[in-house]
Structure formats: C-alpha cells, structure tokens
Amino acid sequence: MLSAQEKAAILVEALPYIRKFYGKTVVIKYGGHAMVDCGLKKTVLTDVVLMKYVGMHPVIVHGGGPEITAMLQKLGIESRFVGGLRVTDEETMEIVEMVLAGKLNKEIVSLINRIGGKAVGLSGKDACLLQAVKKPGKVYQPDGTVEMVDIGCVGQVKKVNPAIVHTLINEGYIPVVAPVAVGPEGESYNVNADTAAGELAVALGADKLIILTDVEGILEDREDKDSLLSIIRADDVPDLIARGIIDGGMIPKVECCTRALYGGVNTTHILDGRVPHSILLEVFTDKGIGTMVVR
C-alpha cells in the first residue's frame, strides 16, 4: 500500500499536467479488451470521469466489433470482412446499429453515470454529427493490383457537424458517440471507430486523440516488448510501414493518427487498453506509456 506521502507525491507529479490540459478536449477511441473485461471497463471509464472533474473535456467514440459478431452469430448471420472492414448488407446494418447505438452506447453511458460522471449517448446520426457516403472495399490481388468491391453499408465520413458535442461539453456532460453515420438520403452507415474518432477530433479542435488497443503500442521488434517506440513522427510512418514495423491492424490506427495530426490535433496516442488506468498514466505522469505519434 502507498503511504500518504507517496500518494501526495503522485498528486504533485500530476499537477503540471492538470494545469496544462485544463479546458482541453481529448477524444478517446474506446475499444478492444477494455470494452470486454468488466474490471477494465470500470477503470477506463473512471479515468474518463476523473479527467472531467479536473477540468478536461473527454469525448468517447466506441467500437463494438466482437459484440456485433456475437449478435450476428446468435441470429445465424455469417460475418464477412474485406480489407479489415465488415461487409454490411442492409440486414446486417440493422444489427450493427442496434448493437452500437442501442446496447453498447447505453451500457457505457449508464456505467459512467454510476461512477459519478454525467454522460449522454449519441450516434453519428444525431444532429447529423457524422455524415458519410458509401465506402468501397479494396482487395489486393497477388499481382499488386487493387480491386474495388461493394461492401454494403460501410461509410466514409465526408463531414462532421460537432455542434451537438460542443453543446454537451459546455453543459458539463461527457459525450459518448457510436460510429453510425447518416448518408445523403438518411440511410445508415457503419463507420470504422478509429476513423470516426480521428475525424471527430479534428472537427472539435481536440488537443489529444487517444486510441485504446490490445497491444503495448508500436514495437520495433514484435518479439521484444522492451523495443517499444515511445514517440514516432508522422513523417516516419511510411518508412515504418515499408519496413514492416507497422503492419496489419496497426496501419489504419496509425494512419488515423497522422490524419488527425495534419488536421490540427496536437498529439495522438496509441495505448494498451489492457493496462489498468492506462489513460491516466499517459496523460498525468512523467513517463507515460504506449506510443505517441507527433508531427
């Protein structure tokens, strides 16, 4: 157990960061194991509530891939993916919207409120927050060519209208956003949660974008957990991808970070959401964890 002096030292260490980020907006992409493990759910959302109480403005954008897959399995609907994106026909889209905007969004809101925060749940359809068009899928052929295929109701964000989020922040609420966007004719689109978080961070003029994952961050050698790259620059990303240091599912996350940086977000972070209180460790301590992507 920590002594009273050690607890005081922790608070003193956090003070300059509390001062630095007071009044700043932080967009958090919430997903992965931290959404599945009951203990981690509470620690992540407790971090978010604490951020709000010390004067920061956290905004959550959540995923829900495993829960969507589980629900589709219950209904006897097969999940198919192209280029990492779920093939989403109209029947599947109904399930996606039900799980994301209904079940998961309200569970997160309810837990934040029980912890002591004030949360309001939204989908990208509310107040036309996320406006999208249909996104084609890409299939990479063995000869290096790219084939564009129809993957259904998968959206590419074209416009963000952040007014409703600003209103909620100003009234003291924590906005919780499900990445379901609205199309030109009012249709629903499933949007990648990392992408939605990055686009929203730019539109809000956020100071930070934090993406929670199920890995330690970006490792120079994936067999060596001590090879974590604590800071990388956006200009170095193409070379890191070419060298295979950034690959697979990490590529869209890092690309999301770089787009956010070029859109005006000051810093972006890829954190291991399996580590209890990873957000507080990154934001309020000298050492921090994970990988920070900067301009």
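Helices (H or I, at least four residues) and strands (E, at least two) are DSSP runs here, numbered from the N terminus. This is a predicted model, in which local features need pLDDT of at least 70, side-chain atom pairs count only at pLDDT 80 or more, and totals for chains, interfaces and linings use all residues. Residues are numbered from 1 along each chain as its sequence is written, and side-chain values use heavy atoms, with hydrogens and water left out.

**A loop with positive phi**

Let's start with the loop between β5 (119-123) and β6 (130-134), where A127 sits. C128 lies in that β5 to β6 loop too. As a rule, most residues other than glycine have a negative phi. The table shows what this loop does. Accessibility is relative accessible area, with buried under 20%, exposed over 50% and partly exposed in between (1.4 Å probe, protein chains only).

| Residue | Phi | Relative accessible area | Class |
|---|---|---|---|
| A127 | near 55° | 45% | partly exposed |
| C128 | near 55° | 38% | partly exposed |

**The sheet**

Now for the sheet: it is open, has eight strands and mixed pairing, and its order is β5-β10-β2-β1-β13-β15-β16-β14. Two strands count as paired if DSSP finds at least two bridges between them. Its edges are β5 and β14 (231-233), each of which pairs on one side only. From one strand to the next, the twist averages 20°.

A119 has I174 in β10 as its bridge partner. How enclosed is β5, given that it is an edge strand? Four of its five residues are buried, so β5 is largely enclosed by the rest of the structure. Helix α5 (residues 163-170) lies across β1, β2 (57-62), β5 and β10 (174-178), and runs at about 175° to β5. For such angles, axes are lines fitted to C-alpha atoms, for helices over the stretch in contact, and values run from 0 to 180 degrees between N-to-C directions.

Strand β1 (residues 25-30) pairs with β13 in the parallel sense over four bridges, and I28 has I210 as its bridge partner in β13. Strand β15 (residues 267-272) also pairs with β13 in the parallel sense, over six bridges. In β15, L271 is the bridge partner of L212.

**Cores and helix packing**

A nonpolar core here is a set of buried Ala, Val, Leu, Ile, Met, Phe, Trp, Tyr and Cys residues joined through side-chain atoms within 4.5 Å. Which residues touch the most other members of the largest core? Out of its 82 residues, they are V27, Y30, I112, L209, I218 and I232. Helix α4 supplies the largest share of this core, with ten residues. Apart from it lies another core, of five residues, including V82, L85, V87 and I151.

Y30 is worth a look. Leaving aside neighbours within four places in sequence, Y30 is in contact (heavy atoms within 4.5 Å) with M35, K41, V44, L45, I60, V61, H62, G63, I108 and L212.

Helix α2 (residues 38-53) and helix α4 (residues 90-115) have axes that come within 9 Å and cross at roughly 65°. On the α2 side, K41, K42, L45, T46 and V49 meet I108, L111, I112 and I115 of α4. By class, that contact has six nonpolar, one polar and two charged residues.

M98 is also found in helix α4. M98 counts as partly exposed, at 43% relative accessibility. Neighbours within four places in sequence aside, M98 is in contact with M71 and K103. The C-alpha atoms of M98 and I68 are separated by 9.0 Å, and the two residues are 30 apart along the chain.

Conventions:
Ala, Val, Leu, Ile, Met, Phe, Trp, Tyr, Cys and Pro count as nonpolar, Asp, Glu, Lys and Arg as charged, and the others, Gly among them, as polar.
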